Amino acid sequence: MSKRALLIIGGGIAAYKSLELIRRLKETGVAVRVVMTEAAQKFVTPLAAGALVGEPVFTDLFDQAREFDVGHIRLARETDLIIVAPATADLMAKAANGLANDLASAVLLATDKPVLMAPAMNPFMWANPATQRNFARLQADNRKFVGPNEGEMAESGERGLGRMAEPQQIRDAALALLSDGPLKGKRAMVTAGPTIEAIDPVRFLSNRSSGKQGYAIAAALAELGAEVTLVSGPTALSAPRGVTRVCVESAREMLEASQAALPLDVAVMVAAVADWRPSAIADEKIKKDKAGIPGIALVENPDILATLSKPGKKRPKLVIGFAAETNDVEAHARAKIAKKGCDWIVANDVSGDVMGGDDNTVMLISKDRAETWARMPKEIVAQKLAVEIAAALNAKSPGRK
Ligand code: C5P
């Protein structure tokens, strides 16, 4: 099936270039639908854009006939990519803040598809802290950008950053987002966050894991096209786009959910699983005054990584564990590979502020290779790891690096 793009044309002088963009996208076989804002219609006519795509463009959130016919929810979903070109300061502000008072912004709020924005505005408007705030916000929301470029502004003759990317450049960025990733068709599972182990109905044992690294890995694998299940202990994070999240509390629940995700091409165990749990969970809240200070007997939790690593037909092709170490990182990691039976260990140096922090310093270790990655944001660690996983799964024997 050919790929589909929904082009939202915002109200700026660069809108005329969007007509060229439609032609360029269609040349490569992409089916294009168009939404125009009210302001966009002051620069190019819906008739011109409609003639290029071969169907009327969509302009009105409250157009009864077309809302019944297609509707903004279907417009938002029945596409593989949404392109906003030109993305005006106003459209960016609306999208960054979740406003939905016209068709274009409602579609952007309702979509679960990738969004590519091509900003175009006066250099002062682009440099304004409000626009830069919105830009940062949208990037954090995983919106992709192409441009703006440096150049002379059509209306004022001013030079600076703010000129819309050329149609060809926007088309290339769109095609990159539309192409199937190297993990297309691969099944991945990531465990993340802490587990909590109940003592009684209100108390539990747990740890400080934030889940950030595991969530970033799940997102990065999905971004490369994998079908991802994220088995997560309690965290404050929301599920990354395109990832199926299964929420669990205890290690035993995490093990069960992980096994339910089989068969898998790759399993990445990032969760900080509690090593022990209370041997019994009291049915009622343990009273402070009655029994004096209670002793809590502990028993060992199942090792999810070791269980999934066991040789057998169901074993994922590639099993990756994490190891938090403070010293002798490589030696400890190699010992862990041997003990748990996994293929790779991502060892992180937790001598600093890694737990709950935004950065990580890791070493990727397999039986015959060790590589240190300098301190970098957890998202970048995740992206690099996803690329390594894709390379391994697309090679002949995934366990080897
Ligand atoms: O033995 P250690 O806790 O250092 O091993 C860490 C690695 O093992 C991590 O990948 C962690 O997710 C995994 N693990 C697990 N189940 C456990 C303990 C650790 O999957 N019960």
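This is a predicted model: local features need pLDDT of at least 70, side-chain atom pairs count only at pLDDT 80 or more; totals for chains, interfaces and linings use all residues.
Student: Which domains is the protein divided into?

Tutor: The division is into domain 1 (4-178) and domain 2 (187-400), with bounds that come from an automatic or database domain assignment. The C-alpha centres of domain 1 and domain 2 lie 39 Å apart.

Student: And how much space lies in the largest pocket?

Tutor: About 1,700 Å³, where a pocket is an open set of points on a 1 Å grid over the protein atoms alone, where a 1.4 Å probe fits, with protein on both sides within 12 Å along at least five of seven lines, and lining residues have an atom within 4 Å of a point. Of the 47 residues that line this pocket, Asn142, Ala219, Ala222, Glu223 and Arg241 are the closest to its centre.

Student: Which helix gives the largest share of that lining?

Tutor: H10 does, with seven residues; helices here are DSSP runs (H or I, at least four residues) and strands likewise (E, at least two), numbered from the N terminus. At least three lining residues come from each of domain 1 and domain 2.

Student: What about the second largest pocket, which residues are closest to its centre?

Tutor: That pocket holds about 1,000 Å³ of space, and of its 41 lining residues the closest to the centre are Ala271, Ala272, Val273, Asp275 and Phe322. Strand E16 (318-325) gives the most to this lining, with four residues.

Student: Changing topic, which residues touch the most other members in the largest nonpolar core?

Tutor: Among the 36 residues of that core they are Val190, Ile217, Leu221, Val228, Val268, Leu385 and Ile389, and H14 supplies the largest share, eight residues. A nonpolar core is a set of buried Ala, Val, Leu, Ile, Met, Phe, Trp, Tyr and Cys residues joined through side-chain atoms within 4.5 Å, buried meaning under 20% relative accessible area with a 1.4 Å probe, protein chains only.

Student: What is Val228 in contact with?

Tutor: Leaving aside neighbours within four places in sequence, Val228 is in contact (heavy atoms within 4.5 Å) with Ala188, Val190, Ala218, Leu221, Ala222, Val243 and Thr244. Apart from this core lies another, of 30 residues, including Ala14, Val30, Met36 and Ala118.

Terms used: Residues are numbered from 1 along each chain as its sequence is written. Side-chain values use heavy atoms; hydrogens and water are left out. Grid points are joined across faces, edges and corners, and a volume is the space filled by probe spheres set on the points. Buried means under 20% relative accessible area, exposed over 50%, partly exposed in between (1.4 Å probe, protein chains only).
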